[in-house]
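Please open the model in a viewer and keep the sequence panel at hand. The stops below are given in the order in which they may be selected.

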Amino acid sequence: MRAAILHAVGDDKLDLRDDVTLAPVGPADVRVRIRATGVCHSDLSAMSGVLPQPVPLIPGHEGAGEVVEVGEHVTSLQPGDHVIINWRPSCQECALCLGGQPYLCMKYVIESFSKGNFRIGGDSTVFGMAGCGTWAEECVVPWQGAIKIDPEVPWEAAALIGCGITTGVGAALNTAKVRPGSTVAVIGCGGVGLSVIQGARVSGARVILAVDPLTSKHELARKVGATHAVTPDDLPGALAELTGGNGFDYGFEVVGKSATITSAWQTTRAGGDVIVVGAGAMDDMVQISAFSLLFEGKNLLSSMYGEADVRHDFPYFAALYKAGQLDLESMISARIKLADLNDAVAALKGGEVLRQIVVMD
């Protein structure tokens with residue numbers, strides 16, 4: 001089958017080849033034919049080493065497809081089911097899962113660093129990003145990594161729900177629990193940032209400020225729900241105009257940089273919530289004074305995968321999409337083929353595109 005392989009961290013080009021095979025489907029696994037998969041900034045982070053992954057690696061974690069084979073112990077899925085790939089499958093047995101935080105379960109994350117479900121050259125192991133590897137025509141994942149959805153949802157929309165939508169909308173609905181009538185600032189208006197904006201809109205926020213240095217993204221931010229949009233240089237003026245200088249009730253950081261986390265902290269009012277959504281580097285340190293942490297009363301929150309229980313949230317977000325409450329079509333910059341992935345990666349590095357979706361033949 002066809003797939004895109006990263007042979008070494010830092011490589012600029014993917015090896016596009018058609019001789020990749022799959023490991024056998026285990027008793028608790030499912031094999032999924034990928035129908036659509038996104039090109040996400042997290043894929044770039046895996047390729048550059050910001051998000052550590054084993055190599056050789058097939059990137060891709062935001063995908064949707066059709067079940068073609070199930071292991072003998074799998075009872076919740078069957079061939080023909082439409083599924084969204086869940087790149088953070090939970091064991092559903094550990095204290096975190098049973099305590100309502102399945103998005104923090106590490107069982108399959110750890111396993112993915114030692115178990116590769118792809119093969120080249122007969123028996124050479126290739127790993128899948130986050131245990132997935134959706135930049136391939138098929139992949140094998142644990143049954144918890146394939147969530148059944150309404151077959152009426154288009155493949156492209158389903159793929160977006162697999163990462164960007166769940167991460168961003170979930171940050172607003174699950175982590176921040178944005179209140180109706182509140183004020184929200186979103187720093188970073190890529191695909192996830194736009195999803196945060198949509199989540200804030202669905203929650204009934206009164207003011208939603210989109211902050212991004214690329215003015216080309218401002219119009220789309222307004223289209224999906226932002227009430228205002230500015231560059232970082234104009235943020236102080238917007239803060240004064242929209243909040244009287246007090247700061248926003250919620251400040252979302254969707255870039256993954258210490259500088260923008262600091263900006264989100266400074267933009268949020270005393271007693272407000274600062275939500276870190278962007279995936280940053282391990283050596284990028286954030287400094288906040290101990291005095292501010294106590295006396296400003298702000299809550300510094302992280303939002304891992306939108307704090308989603310995907311068994312509920314994937315179908316829920318799909319239902320919001322079908323009801324016209326989530327605009328997923330506007331977030332797709334281009335539909336491409338698997339053979340175009342190197343060009344797609346270069347375009348994403350340039351910063352102008354949002355989500356390019358690989359539509360499989």
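**Conventions**

This is a predicted model, in which local features need pLDDT of at least 70 and side-chain atom pairs count only at pLDDT 80 or more, while totals for chains, interfaces and linings use all residues. Residues are numbered from 1 along each chain as its sequence is written, and side-chain values use heavy atoms, with hydrogens and water left out. Helices (H or I, at least four residues) and strands (E, at least two) are DSSP runs, numbered from the N terminus.

**Stop 1: helices α4 and α5**

Select residues 155-176, which form helix α4, together with residues 191-203, which form helix α5. Their axes come within 7 Å and cross at roughly 40 degrees. The axes are lines fitted to C-alpha atoms, for helices over the stretch in contact, and angles run from 0 to 180 degrees between N-to-C directions. That angle makes α4 oblique to α5; angles under 35 degrees count as roughly parallel, over 145 as roughly antiparallel, 65 to 115 as roughly perpendicular and the rest as oblique.

Next, show the side chains at this crossing. On α4, the contact (heavy atoms within 4.5 Å) includes Gly164, Ile165, Gly168 and Leu173. On α5, the residues taking part include Val192, Ser195, Gly199 and Ser203. The residues of this contact divide into 8 nonpolar, 6 polar and no charged. Here Ala, Val, Leu, Ile, Met, Phe, Trp, Tyr, Cys and Pro count as nonpolar, Asp, Glu, Lys and Arg as charged, and the others, Gly among them, as polar.

**Stop 2**

Select residues 355-359, strand β19. Of its 5 residues, 4 are buried; buried means under 20% relative accessible area, exposed over 50%, and partly exposed in between (1.4 Å probe, protein chains only). Two strands pair if DSSP finds at least two bridges between them. Strand β4 (residues 29-39) pairs with β19 in the antiparallel sense over 4 bridges, and strand β18 (residues 332-336) pairs with β19 in the parallel sense over 4 bridges. Centre the view on Gln356: Val39 stands opposite this residue, and Gln356 is also the bridge partner of Ala334.

**Stop 3: the four-stranded sheet**

Which strands make up the open sheet of 4 strands? The order is β3-β8-β9-β5, with mixed pairing. The edge strands, β3 (21-22) and β5, each pair on one side only. Between β5 and β9, which run parallel, there are 2 bridges; select Ile58 to find its bridge partner in β9, Gly128.

**Stop 4: backbone exceptions**

Most residues other than glycine have a negative phi, and most peptide bonds are trans. The peptide bond from Val55 to Pro56 is cis, with omega near -5 degrees, and Pro56 belongs to the loop between α1 (41-48) and β5 (57-58).

Move to Ala130, in the loop between β9 (124-128) and β10. Its phi is positive, about 55 degrees, and Ala130 is partly exposed at 22% relative accessibility. Then select Lys177, in the loop between α4 and β12 (183-187). The phi of Lys177 is also positive, near 50 degrees, and this residue is exposed at 54% relative accessibility.

**Stop 5: Pro142**

Finish at Pro142 in strand β10 (residues 138-142). Is this residue buried or exposed? Pro142 counts as buried, at 12% relative accessibility. Leaving aside neighbours within four places in sequence, Pro142 is in contact with Ala28, Asp29, Val30, Pro89 and Tyr108.
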